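Student: I have a model open on my screen and I'd like to learn how to read it. Could you walk me through it feature by feature?

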Amino acid sequence: MISKADIAGIEARAVDWLRRAWAWLKHLPQALWMQLRALPRWGQGLLAAIVLVIGAILIFLAQPNWNWARPMVASLASGRVHRPVRIDGDLRVHLFSFTPTATVGGLKIGQPDWGAKAGLKPYLAEVDNLSVTAELMPVLVGRIVLPHLQVDRPNVQLYQDKDGRANWDFSNGKNKGKPTKLPPIRNFIINDGHLTLTSVQRKLTFAGTVNAHEKAPDKTTNAGGQAFALVGDGSLNNRKFELNATGGPLLNVRTSVPYPFDMVVRAGDTRITARGRVLHPFNLGELAGAVTVSGRNLADLYYLTGLTLPNTPAYRIAAQVTRNNRIYDIAGIHGRVGGSDLEGTLKVDTSRNNRPYLTGDLRSRLLDFKDLGSLFGATSANAPQGAEISATPTAKTPARRLLPDATLDIERVRGMDARVRYRALAVKAIHNMPLRAVSLGIDLDHGLMILDPVEFSFPQGRLQGTARIDARNAVQQNSLDMRLTGLRVQDFIPNVGGSKPLEGILDARVKASGTGNSVHKAAASANGQLTLVMPRGTIRQSFAELMGVNATKGLFQLLTKDPHQTDVRCGVADFQIRNGVMQASNAVFDTGITRVNGGGTINLNDESLKLVFKGKPKKFRLIRINAPIVIGGHLSAPKFGIDAGPAAVQGGLALALNTILPFVNIDYAKDANCAALISDMPAKRK
């Protein structure tokens, strides 16, 4: 510790130093006078002239009327904002003070060079009067601190073209998207401000008022009793748009104390509420707050955020959002999308030439299976209608489309990059679709979207693979490679007579490519291959008999609910896909008592089915009807029936011969070479 003696010594030395300094200052004028007298007369005259000039300049600058400096000040400002600047009113400056002040009347800021071609009005901003006070000492060290800033009747007109070029970007193209950062302002007043915004890219028009008063006005005003208020409306994507942002007085503001604000945005069915803080007032690059978003479709947020989000059912999501210059952290996401919960984190980085890069990890504890279809553009109009037994399965009937027609907006996909992972830990499945878990990975890079992995887990078995959507060129290219392994068939079919009519393991693989910006268009132009393999299993014997159209034993077992089963030796189907038409070139279903061979087409353009399966028994059967099984109708509503033509021929022969011999089976099927059939199928290859 410092003792009293030490303090006394310090004081004594300080007093001695002050005495010596005072003595030197007393002799300074005399010393200067002696030096001046030593100068020659011409030197004394020159020095006197310099002093007079400096004095005249100081007296001139001390005058408040600086109208003579308007062109110079406007030129300096124009160089900083890269736009023409005019001062049509008076320029008043009080320079010689520790807090110099300036008042500018009739301030006008013009449009960028491209503004005239875009048909914009001559001025981006017009201000009737601008009054500013600065602190002198911070200026001397390169800082600007404004004790007072008042803007009277500003009229600002903002514009963004379809390519995202904005007239409020003052970076001259070198540092686009840099957040606005004003110098510290202790008292900020805005009187009767007007703001209009037109964004062709976001399909947004807005007109509003902005005011910042020293105290809150009456609550009956549009500001809602808040000292700061930005209030207005317009349209967003042809839907009504409203904005209401409010805060406290901008008085005695300190950069170390966050400034709180509230904001409500309504855009059609979308609603956003935020309770935020400007962490360092007037630095809009550092924000934080609690945000809640709700609406009918997450994809609609594109016009507000510039982010390409998937189609979804109605949602309500809350999160903590923090902005750190060009990086937005979205943490603590929680809410519901349709019937599914959603949680996780996201981050948006716009530091790469103002291009959004979205990364994150999202998950659902319980995913509602019905919400999955909306990701691919499916709606209730794409729901399957169910299969039916029909006497005329090949007849053309209207049916809803199963494959969605919703298009992928290529311009949106090209406008951002992403790397996001999603997992559903459990799935609320629908009847006969026992999905257990889902895992998706999305990578988007300048229009190239890769889905890897695409994985669906079942109680037994898994569907996994990758998909690729290339939207970098005029025609969108799509490819798919999916593999189904170890799927238990009985999990997907209903009980018949108290038990499953078919049991076994199914493997499959589809590898195809197509063009188009919707699921339907891609499928309608697809080329590739689909194979299905059932290496073993069991089937209700009555169904096996009926596949061979054994009218005696099959019907008897079915009617008596005979539970006896027979082995499925193998089942294979190979579809070659050409221009959206799936051609079954090798379809075999071989059981212990019958063998079924089939073929036909599935048209992915009109979604029509034309499949025919012919069954033969492997043993003697008294009566066998020669009636192939036919599957027609549409993908959303298949129709099952029989082709009565061959059976009619049998009946005609029986009538002509007056005997049942035409119905007696004498054509037996042999066991299929299952090992060879299975080994040739891509579904069983690694």
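Tutor: We'll go from the overall build to the core, the strands, the surface and the salt bridges.
This is a predicted model, in which local features need pLDDT of at least 70 and side-chain atom pairs count only at pLDDT 80 or more, while totals for chains, interfaces and linings use all residues. Residues are numbered from 1 along each chain as its sequence is written, and side-chain values use heavy atoms, with hydrogens and water left out.

Student: How many helices and strands are in the chain?

Tutor: Helices (H or I, at least four residues) and strands (E, at least two) are DSSP runs, numbered from the N terminus. Here the chain has 11 helices and 33 strands.

Student: What share of the residues is buried?

Tutor: Buried means under 20% relative accessible area, exposed means over 50%, and partly exposed is in between (1.4 Å probe, protein chains only). Of the 686 residues in the chain, 41% are buried. One example is A69, in the loop between α2 (41-61) and α3 (70-81); A69 counts as buried because its relative accessibility is 1%.

Student: And what about contacts along the sequence?

Tutor: A contact means heavy atoms within 4.5 Å. Take the contacts between residues at least 6 apart in sequence: 53% of them join residues at least 24 apart.

Student: Which residues touch the most other members of the largest nonpolar core?

Tutor: The general idea is that in soluble globular proteins, nonpolar side chains tend to be buried together. A nonpolar core here is a set of buried Ala, Val, Leu, Ile, Met, Phe, Trp, Tyr and Cys residues joined through side-chain atoms within 4.5 Å. The largest one has 93 residues, and F188, F241, L250 and V438 touch the most other members. Strand β6 (residues 185-199) contributes the most to this core, with five residues. Another core, of 16 residues, lies apart from it, and its members include A523, I602, L609 and L611.

Student: What does L250 touch?

Tutor: Leaving out residues up to four places away in sequence, L250 touches R186, N187, F188, A212, H213, F228, Y259 and F282.

Student: How do I read the pairing of strands?

Tutor: Two strands pair if DSSP finds at least two bridges between them. Strand β7 (residues 204-212) and strand β8 (residues 228-236) are antiparallel partners over nine bridges. β8 also pairs with strand β9 (residues 239-247), again in the antiparallel sense and over nine bridges. β8 and β9 make a hairpin with two residues between them, and N237 in the turn has a positive phi of about 55°.

Student: Which residues make the nonpolar surface patch?

Tutor: Patches are made of residues with over 30% relative accessible area and no salt bridge: like charges are joined within 9 Å, nonpolar side chains (Val, Leu, Ile, Met, Phe, Trp, Tyr) within 5 Å. F98, M137, L140 and V141 make one of about 500 Å². F98 sits in the loop between β2 (91-94) and β3 (101-110), and F98 is exposed because its relative accessible area is 65%. Areas like these come from the Shrake-Rupley method with a 1.4 Å probe; for residues, only the protein chains shown count as cover.

Student: How many salt bridges are there?

Tutor: Side chains of opposite charge can pair when their charged atoms come close. The rule is a side-chain nitrogen of Lys or Arg within 4 Å of a carboxyl oxygen of Asp or Glu, and by this rule there are 27 salt bridges. In one of them, R153 meets D128 with the closest N and O atoms 2.8 Å apart. R153 lies in strand β5 (residues 146-160) and D128 in strand β4 (residues 123-133), so the pair ties together parts 25 residues apart in sequence.

Student: Which residues are linked in a network of salt bridges?

Tutor: R239, D269, R296 and D300 are. R239 and D269 meet at 3.9 Å, N to O; R239 is in strand β9 and D269 in the loop between β10 (259-267) and β11 (270-278), 30 residues apart. D300 also bridges to R239, with the closest N and O atoms 3.7 Å apart. D300 lies in the loop between β12 (286-295) and α5 (302-305) and R239 in strand β9, so that pair ties together parts 61 residues apart in sequence.

Student: Is D300 buried or partly exposed?

Tutor: D300 counts as partly exposed, at 23% relative accessibility.
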